[in-house]
Structures are given as structure tokens and as C-alpha cells.
Amino acid sequence: MEKYDVIIIGGNPAGGTAASTVRQFHKNKSVLVIRKEEDSLIPCGIPYALGSLEKVRQDIKPVKALQENGVDFVFDEVRSLDPKAKKLNTAGGKDFFYDKLIIATGSLPFVPPLKGADLSGVYTIGKELKQIEALKKTMTGIENLVVIGAGFIGVEVSDELKKHINHVTLIEAMEHVLPMAFDRDIADPIEQTLKDHGLEVITGAFVEKLVSDKNGRVSSVKLNDGREVPADVVILSMGYRPNVSLAENAGIKLGETGGIWTDEYLRTSYPDIFAVGDCVEHKDFFTRKPSRLMLASTAAAEARIAAMNVFKLKVIRQCKGSIAVFSSSLGDISMGAAGITESQAEKEGFEILTGWAKGKDRHPGILPDASNVSVKLVFSKDSGVLLGAQILGGKSAGEMINVLGLAIQRHMSARELSIMQYGTQPLLTSGPGVYPIVLAAMDGLSKME
């Protein structure tokens, strides 16, 4: 039996961030992280571990820095939790007691009730090292890969694996790729880039079933329009679900979407137990409706809030909801999205207008690494408050969308963005008179007035 001031279940990225933050703000407290694997993958790097990286193990995030900072680790699986006794029991037969507990158990790939989903050769993108190593080995020598689901993981995995596989088909039931992050006017160039890379992209088509050969292995994917796509391997990339079985069995309250219910400070229905990351039910920033937002950046932000406030409420939380902020890159182009799209805003009943700007992210634009940039901003029509942003361009898109994510969080308006102060440098940014965020805000403001 061992007792710690803080025990964290799960180690990456929410758990690791929580551990480092507890050590930073509560230096005299003992901290233990319990997680299944000693070597844990960086989740966002998994598509590149399957493609660009020579070995999956190159995507491992070491725990040495945390250990040197006084964080203890146990590599085991927590099998049961008794909130009243403040006790954990692991698969290895060990008991641990805590004063405060942070649950960061993450999410699990969603497997739909699809005929043939249990066939040999059908995989999901999990987060465990051994599973991803086995998947990469399976990809060696195959001719036809089908990826079902064109969210960020599906798009990134498809694009990466096309570097090693002759025929890759990406299938999306909705009308365009990345439908939850981008409107069609931004998604179409992304889709064209995937096609330019040699992928076949099928949108607006539902998968009817996965077809088996005589040996019980997947051989093709049948669509609802009658088409049949050859497949040596199928990857189901149709989202994730909160990993909450431990919390549920312990009697911790769950929310409407199946994630763990928490208050504004990430406290669960047991005040000494916090929960962060993918296993938590979030609240949408604009509508306050329950959501299943699952992002590593959101998980890390929540982990800091929980860890800073785990003993006393040191930091008053001002952000009353979660904002989706995404970014990705397909080599030729990079993209970012924050907040809600134009189509999502209209569905929620917002009266909106949009602001657009196009330009270069270097000045002059003939510099070797200059990229074309398109910025789309979605504003509330009457107030001018920024609701969403989408960027398509070069590597600068990643940091520009973070600026806009903060602008959304602070309820900035088109007027405020049009006169924002910013720094420019020829090798790093757009020119001082043509900064695309400002130009897009001015475009939106001119439509208001």
C-alpha cells in the first residue's frame, strides 16, 4: 500500500501536463502517474509514425524529465477505483491511496456497427505503441488501402501512407473532407491537394459493408451507390469515444455525451477527483451544449486548470466553454480552423457574415518559402464578434490560427481585429500593410457598415 498527495491515471498528453503542473504549483506534494505503457506515443504524431518516420518508436515522448522533477511512475493498469476509500487497485495487484485524483484516461477508437468491421485486415487508429507498430508492419507490401472517415486523423493517415502504398482511397460520408472543421470553400483545395498526391477521394457516399474473401479477410468496401472499392487493408477512422469505464464503474457521474461530467474547474461529482482531456464531456463555447471535443491542446489546457486548482482554487477560470482549434499540414499546404464554421453557425441559428483575405505569408512574396494564404473569418452580423476562423496556406497557418483562437476566446470583434497591433518581418510574416487577419477583419467590418 502506498499513498500520494496526487495520483494521475493516464500519462499522455493530459496526464503528463497535469503532473508537471502539480509539481510546478504544489512543490511539496507527492505525485504519481499510473499508465499502461512505459513507452507512450505522442498521439498527434501517430499518422507520421505510420508514414514519414522510419520507426514508430521515434514518436515516443520520454518521461525522464518528469521523473527528474520528482514525479513517480507506475506502469500498470488501474482496474478499480473506490472514491469513498480514495483507493485504486491495479492489474498488478497493487493498492494505492490518494488525497486528490486526476483521471486522464483519454479516448478509444469508435468501431461502428458495420457489417464486416470484425474481419481480419480491418483496423482502427489506437494510441498504444504495440498496436501502431503492428499496424505499420501490416502495411508493408500491400497494394490497396481504404481509409473510412475524412476527419483530421483519416486525412493525415491517408496522406502519409500514400508515400508507401500504391492505391489509397479515402471515403467520407459527408459532402467534403474535414467537414467538422472547414466549410466547403476551404475544404475543396485541401481535397484537391490529396488528389494531387495520388489519393482517390470519395465523398458523399456511405459504406454499406466490408466484403470478405474466402479466408475471412477483408477484400473490398461496398458503398451504398453500388460501387465496390478493392481493399487489402481497411482503416476505420470514424472518431473516438471517451474512455470512461473506470469512472463509470466507480459511480462517477457521466454527462449527456458519455464523457465524465465536470464543473468549470474540472471537478467531478466527487470533489477530490478531477477529470481532464478526451474522457471529459465538454461544453461548447458558443452554445453551451455538451460536446465531445477531443484535442491534445484542449486536454493540456484542462490539465493545467485542474492541476493548479487541485488543492485550492488558485486560478479563476474565465473561459466558460471549449473552443475547437485545429491545425494540420499536407506538405504542400497547411491549414487551421478555430471556433465554428459558417455552416455550423447557420445551423445553430446565428446571423452571420464572413470576411475574406488572400495574400502571401512573406514579404516580398518571391522569397523562397513564401506561401499563398487565404483567411476566412465568421462574424456575428450585428455585434461583429468573431465566431470562427479558417486558414489555408503555409506553415504560418499553425500560429495564425492560435492567434484567432485567442481572439474568439476573448470575444474580439471585427472592429478590434481590424486595428490589432502586430509585428512583421520579411522572412517570418506577411507585409505590414497586408496582414491577412487584419484584411479579413476589415472585409467583414465593411460588410457590416
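Start by selecting isoleucine 148: across from this residue, in strand S15, you will find leucine 236. You are looking at a predicted model, in which local features need pLDDT of at least 70, side-chain atom pairs count only at pLDDT 80 or more, and totals for chains, interfaces and linings use all residues. Residues are numbered from 1 along each chain as its sequence is written, and side-chain values use heavy atoms, with hydrogens and water left out.

Next, select S9 (144-148) and S15 (233-236). Four bridges pair S9 with S15 in the parallel sense. (Strands are DSSP E runs of at least two residues and helices H or I runs of at least four, numbered from the N terminus; two strands pair if DSSP finds at least two bridges between them.)

Stay on S9 and show its side chains. Asn144, Val146 and Ile148 lie on one side, Leu145 and Val147 on the other, and all are buried (under 20% relative accessible area, 1.4 Å probe, protein chains only).

S10 runs parallel to S9, joined by five bridges, and asparagine 144 faces histidine 167.

Zoom out to the whole open sheet: five strands, parallel, ordered S8-S15-S9-S10-S11. At its edges, S8 (122-124) and S11 (200-203) each pair on one side only.

Finally, select helix H5 (residues 152-161), which packs on the sheet and touches S9, S10 and S15 (contact means heavy atoms within 4.5 Å). Together, S9, H5 and S10 make a right-handed β-α-β unit: with the strands pointing away from you, the path from the first strand over the helix to the second runs clockwise.

Note on methods: Axes fitted to C-alpha atoms, helices over the stretch in contact; angles between N-to-C directions. Buried < 20%, exposed > 50% of the residue type's maximum accessible area, 1.4 Å probe, protein only.
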